[in-house]
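Hello,

Here is the structure I said I would pass on. Please have it open while you read the notes under it.

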Amino acid sequence: MSVGETFDHVIVGAGSAGCTLAYRLTEDPDVKVLILEAGSWDRDPWIRIPLGWGRILQKRLHDWGYFAEPSDTMDNRRIECARGMVVGGSSSINAMAYYHGHPTDYDRWASQGLPEWSHANVLPYFKRSEDWEGGADTWRGSGGPLTTRRATFRDPICEAVLAAGREAQHPYTDDYNGENPEGFTRMQMTLRNGRRWSTARAYLRPAMKRPNLTVRTGAMVLGIDWEGVRARGIRYSHRGKTQSASADHEVILSGGSINSPQLLMLSGVGNPDHLRRHDINTVSDLPGVGENLSDHTSAALVFRRKTGGTFQREMRFDRIVPSLARAYLGLGGFAADLPFGVTAFLRSAQEVEIPDVQLLFWMGATTTASPWLPPFKAAFGDSFSIRAMPMRPESRGHLSLASSNPGDPIQIHQNFLRTDSEWQVMRRGLRMIRDLAASPALKDFAGEELAPGADAQSDAELDAHVKNTMITVHHPVGTCKMGTESDPMAVVDENLRVRGVEGLRVVDASVMPDLVAGATNAPVIMIAEKAADMILGKDPLPAAQL
């Protein structure tokens, strides 16, 4: 094994959290940082082009290739669990959606003995991170690294959907990340000049201009090096050789909700009974490692579109090729956005106090045989879909090692939709979608229901459709849960330090006690922004006065 260099901090994973940490920690020129990434650089043109997201997901590009274990609530299907394996992590392969989450999500964390994670305490870090197109106010930030703006996808059906929401007397909000997080609204996305604005672009590349940051790609981390119970460094494989890197201050795991707990277990931190089965010596008895897995699910209703829309028209071969070129060059146009346009955060029943279901509108065909052929003709018959996503799942899954070999993928037991209340929210969400599709505002757009079909009316028929088609929305969290000493499943404390050891933190989505409403990329960046101040010993930003 080659003897490596010594740094102040070694960060495992150049994803959303790792890139943010690298930027903030190296603002101090005296702090020397190494960041290790198993994947490659984010130079693939499909990453830069927003519309390339569909190809990235379908082809599983720049992805660890994970699948969940079969489950009876999913008709024993192995549902994919795409996680970014590239500089920028999942922010380089996701759908670029930008959500803070509902304020009550963070106040719920605070009520669990984590007062520094209340909404008033985390909002300043959201604001520090973002450059919102609407400018700074009480709720939003301006001038930060992460450019955010409203979706610009243009199609008459987008305005019709908003009108359908008004007809159904649902609320409308101009900014769901602002004072009012409920209602129909335009999507917000991490785009800049018509191109994906990942954490690699927003945070890591500016930080690479500093001499105190070293970035190493193609570096597969094998384990943590210990001196007693203190993490002293990392062992990793790079260019066919096993190397090491030492950390004078801390090792920071930012591999995400799948890889960070796997590395902890491989390194002897976890449930001793589980570790013993793989001949791994226990360094710290933490039974919560790999437990508490939570993720969002969604199921869609698909409708034939009566007349072709923007997506069908622009995906024609002779139009999409120049459109992709324009988007790559940052010149805007159709390929510089996704056909989302609008979303909605709604209460599925009158007695519900805050929104519990999100509707996700996909204004393009859901299945295409050869979407870009033939030239000068419609590429495919048009349709659109609306997904229901219960926002606060109660079911919890877990992770388990397949072996002690770091190259073997960990086993992911998602355990989706195990409670009756989750099923109720899903069914109510699907029926809300049907009501919207039948509204006068959508009469010129919504044709027959293609899936599951108008005849599927009973709970059992809707449940069968969900089991057969449900997918993850790619928001896994919670597997290195943050909590108090009295919580036997807590893996890290409120400062994200791993319990029972020294010199080791986890900073990524795995530390979330439970899921926030909406996508998780912005909250992960917020967590890393806040963690950077903790690591550097800075006072936290003053709590927001709301």
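Below are the notes on cysteines, aromatic rings and one surface patch.

The model is predicted, so local features need pLDDT of at least 70, side-chain atom pairs count only at pLDDT 80 or more, and totals for chains, interfaces and linings use all residues. Residues are numbered from 1 along each chain as its sequence is written, and side-chain values use heavy atoms, with hydrogens and water left out.

Cysteines

The disulfide count is zero. The rule asks for a pair of cysteine sulfur atoms within 2.5 Å. Cys-81 is in no disulfide, and its nearest cysteine sulfur, that of Cys-480, is 14 Å away. Cys-480 is likewise in no disulfide. Cys-81 has 2% relative accessibility, so it counts as buried. Cys-480 is buried too, at 0%. Buried means under 20% relative accessible area, exposed over 50%, and partly exposed in between (1.4 Å probe, protein chains only).

Aromatic pairs

The whole structure holds 15 aromatic pairs. Rings of Phe, Tyr and Trp (its six-membered ring) pair if their centres lie within 6.5 Å; planes under 30 degrees apart are stacked, over 60 edge-to-face, and the rest tilted.

One of the pairs is Tyr-106 with Phe-126. Their ring centres are 5.9 Å apart and their planes are at 70°, so the pair is edge-to-face. Tyr-106 is in helix 4 (residues 103–111) and Phe-126 in helix 5 (residues 119–129), 20 residues apart. Both Tyr-106 and Phe-126 are buried.

Another is Phe-311 with Trp-362. Here the centres are 6.1 Å apart and the planes at 65°, so this pair is edge-to-face. Phe-311 and Trp-362 are both buried. They also belong to a cluster linked by ring pairs, together with Trp-53, Phe-153, Phe-334 and Phe-340.

Helices (H or I, at least four residues) and strands (E, at least two) are DSSP runs, numbered from the N terminus.

Charges over rings

The charged end of Arg-60 sits over the ring of Phe-67, 4.9 Å from its centre. That of Arg-140 sits over the Trp-132 ring, at 3.9 Å. The test is NZ of Lys or CZ of Arg within 6 Å of the ring centre and within 35 degrees of the ring normal.

Tyr-328

Tyr-328 lies in helix 11 (residues 317–328). It counts as partly exposed because its relative accessibility is 33%.

Best wishes
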